[in-house]
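Take a look at the model, then read on.

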Amino acid sequence: MKTVPVQEAVGMVLCHDMTRIIPGESKGPAFRKGHVIAEEDIPTLLEIGKEHVYVLNLEKGRIHENEAAARIARAVAGPGIHLSGVCEGRINLEACPGLLDVNVEALRRINSIEEVVLATMHDGLQVTERRAVAGTRVVPLVIDEKKIEQVEAICTEYPYVVGVRPFKHCKVGLVTTGSEVFHGRIKDKFGPVIRKKFGQLGSTVMDQRLASDDPAMTRDAILAFIAEGAEMVVVTGGMSVDPDDQTPTAIRSTGAEVITYGSPTFPGVMFMYADLDGVPILGLPGCVMYYRASIFDLVVPRLLAGEQVTREDIVDLGHGGFCATCEVCHYPVCPFGK
């Protein structure tokens, strides 16, 4: 690579992007790699502080940053991942809807290779529409090809480094408890919230049934849904410590194995998760109705992505389980549950 004054570069081909930064407005390439420099480009190059351009003559065993980024991206990408075009030497990995699955061990090994960069969002991120979740590039303009071969070798040891586990469509039975709703004294507001949340995850609430505070009635509604083919049942209401709140009793009486009653999350402490012959039964506290992000959003996407959530997984939610209750909620791009 040699340096050429811009005034002498007319007719030459740029070997890398030239970035223009307008403070407070924009940052992007003024000229892209491969652009043939014309006489009229010289004032612009000088304005962005480029008095010289580089003419690249690659030695054997060295590769350009764009090729390096492309090879890294192809090596690490798993199912549900699409690659963006290259911009300023960087390629983004874009995820389809599902649960982001990052192999953190492989990620660390890759970033331990000097001059190689791979950055991702958190493992387990809930993705409901296509978005960028990772990016890769190398630090220098040209890099020793052996380093890229190291990345590729690491990736062969794993199914993938960055992928997406899609949400499966699930038929959900919704049981709403509480005599005040059952007898029509107040209108249920939980149902629309649950339908919307499951809809965003690609699942369908097959029906909603009301039950009084009688735990036998709630139990029978749960079992009826399962008999009709429900693949998950959620029960709203009756999860506090009031004497009339009998939902945990009703869930236990179905014969289901209780995975957890209680979760180290705010919001979401009064949460119950049980399993009846492979069908999850969830007792949802009232916070799910009021907060955009709650225990629902930390557990349900994992279940829909095929994960087996254990008591230990729930315990681990304590680190990151305190919601900051930001004025504007940005979940899932926030620390909650991470």
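**Helix packing**

In this predicted model, Ala106, Arg109 and Ile110 of helix α3 meet Val151, Ile154 and Cys155 of helix α4, where contact means heavy atoms within 4.5 Å. By class, that contact has five nonpolar residues, one charged and no polar; Ala, Val, Leu, Ile, Met, Phe, Trp, Tyr, Cys and Pro count as nonpolar, Asp, Glu, Lys and Arg as charged, and the others, Gly among them, as polar.

- The axes of α3 (residues 104-111) and α4 (residues 145-155) come within 10 Å and cross at roughly 165°; axes are lines fitted to C-alpha atoms over the stretch in contact, with angles from 0 to 180 degrees between N-to-C directions.
- That makes α3 roughly antiparallel to α4 (over 145 degrees).

**Strands**

- Helices (H or I, at least four residues) and strands (E, at least two) are DSSP runs, numbered from the N terminus.
- Strands β2 (residues 18-22) and β3 (residues 26-31) run antiparallel and are joined by five bridges; strands pair if DSSP finds at least two bridges between them.
- Ile22 has Ser26 in β3 as its bridge partner.
- Three residues lie between β2 and β3 in their hairpin, and Gly24 in the turn has a positive phi of about 80°.

**Reading notes**

- Residues are numbered from 1 along each chain as its sequence is written.
- Local features need pLDDT of at least 70, side-chain atom pairs count only at pLDDT 80 or more, totals for chains, interfaces and linings use all residues, and side-chain values use heavy atoms, leaving out hydrogens and water.

Methods. Angles under 35 degrees count as roughly parallel, over 145 as roughly antiparallel, 65 to 115 as roughly perpendicular and the rest as oblique.
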